[in-house]
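This briefing sets out selected features of the structure shown below.

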Amino acid sequence: PPSAILLSEGDDASFILDYLKRVEGIRPDVTLYNRNGLGTGLVRESMDDPRVRARAYRAAERDLVLASASEGRPPLFSVFARAMPVEDGYEFVPHGLVYRIAASSRAMGPTDPIDMANAVPDLEIAGDPWVRKIHANYWFMQGEHEAQNGWSEAAKAAYVRAGEIAHSSRTMQFNIARNLLLNNELEDALHHVMKAVEIDPLWSHSYPLGVRILTRMGRLEEARALNRRAAKLSRFS
């Protein structure tokens, strides 16, 4: 929407958005902030202590969220639905390819749908893994929209399709696994989280999620083995 505020994070999204806004002059009405502190950050002051800097960013994001709920203030959006700056009373609502941050009690009305025709139609030409990831994100967000109305086979199918397209992306596999776990699709969740481990065995985030899934499935010995593998990794990282 006009004059909105968008929070970005992650190099693949943030740097592209910053370039499009600064260099190409696209959507000058949108205020863009990078949650990782690069490009256009919420906090201007230089802070050497990472803990102090993290607290300052958290406070600035919290103020943005609270202000966005006031009448007449610009709506607030986020590229990813994680790390809500306010503990209670707000949620990430799918809106096209991003999420709106809104008060839980607020009636949002229909969410902005995704035009799937904009997704890359021919995967034969999408040899670049980043192109595949962009294409897969359409399907992932389609799953988010479907899941807004309750878990369904359509939601699951959209997530799984995203994983098939971005088959070399550890973060896509991880995010799919997390959503499937939340909806008790344990076998499929395990498949995707172990795919993330296979893609990048040194990426530590996959292991705790895998342990949670295996534990929920009652496969405790496998959960312990994966936990030992993670502990060994932490000693050498």
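**Structural briefing**

H145 lies in helix α3, which spans residues 129-148. The model described here is predicted.

- H145 counts as buried because its relative accessible area is 12%, under the 20% cut-off.
- A polar atom of the H145 side chain lies 3.1 Å from the backbone oxygen of G96.
- G96 takes a positive phi near 60° in the hairpin of β4 and β5, which has two residues between the strands.
- Strands β4 (residues 90-95) and β5 (residues 98-103) run antiparallel and are joined by six bridges.
- F92 stands opposite I101 in β5.

**The sheet**
- The open sheet consists of five strands in the order β2-β1-β3-β5-β4, with mixed pairing.
- β2 (31-34) and β4 stand at the edges with a single partner strand each, so one side of each has no neighbour in the sheet.
- Neighbouring strands of this sheet are turned by 30° against each other on average, direction ignored.
- Strand β1 (residues 5-8) runs parallel to β2, and four bridges join the two.
- I5 stands opposite T31 in β2.

**Helices on the sheet**
- Helix α2 (residues 50-68) packs on the sheet and touches β1, β2, β3 (76-78), β4 and β5.
- The direction of α2 makes about 130° with that of β3.
- α3 lies across β4 and β5 and runs at about 120° to β4.

**Helix α7**
- In helix α7 (residues 206-216), the buried residues are S206, Y207, L209, G210, V211, I213 and L214.
- G218, which follows α7, has a positive phi near 80°.

Key
Residues are numbered from 1 along each chain as its sequence is written. This is a predicted model: local features need pLDDT of at least 70, side-chain atom pairs count only at pLDDT 80 or more; totals for chains, interfaces and linings use all residues. Side-chain values use heavy atoms; hydrogens and water are left out. Buried means under 20% relative accessible area, exposed over 50%, partly exposed in between (1.4 Å probe, protein chains only). A polar contact is a pair of N or O atoms within 3.5 Å; within protein, one must be able to donate a hydrogen and the other to accept it, and residues adjacent in sequence count only if both atoms are side-chain atoms. Two strands pair if DSSP finds at least two bridges between them. Axes are lines fitted to C-alpha atoms, for helices over the stretch in contact, and angles run from 0 to 180 degrees between N-to-C directions. Contact means heavy atoms within 4.5 Å.
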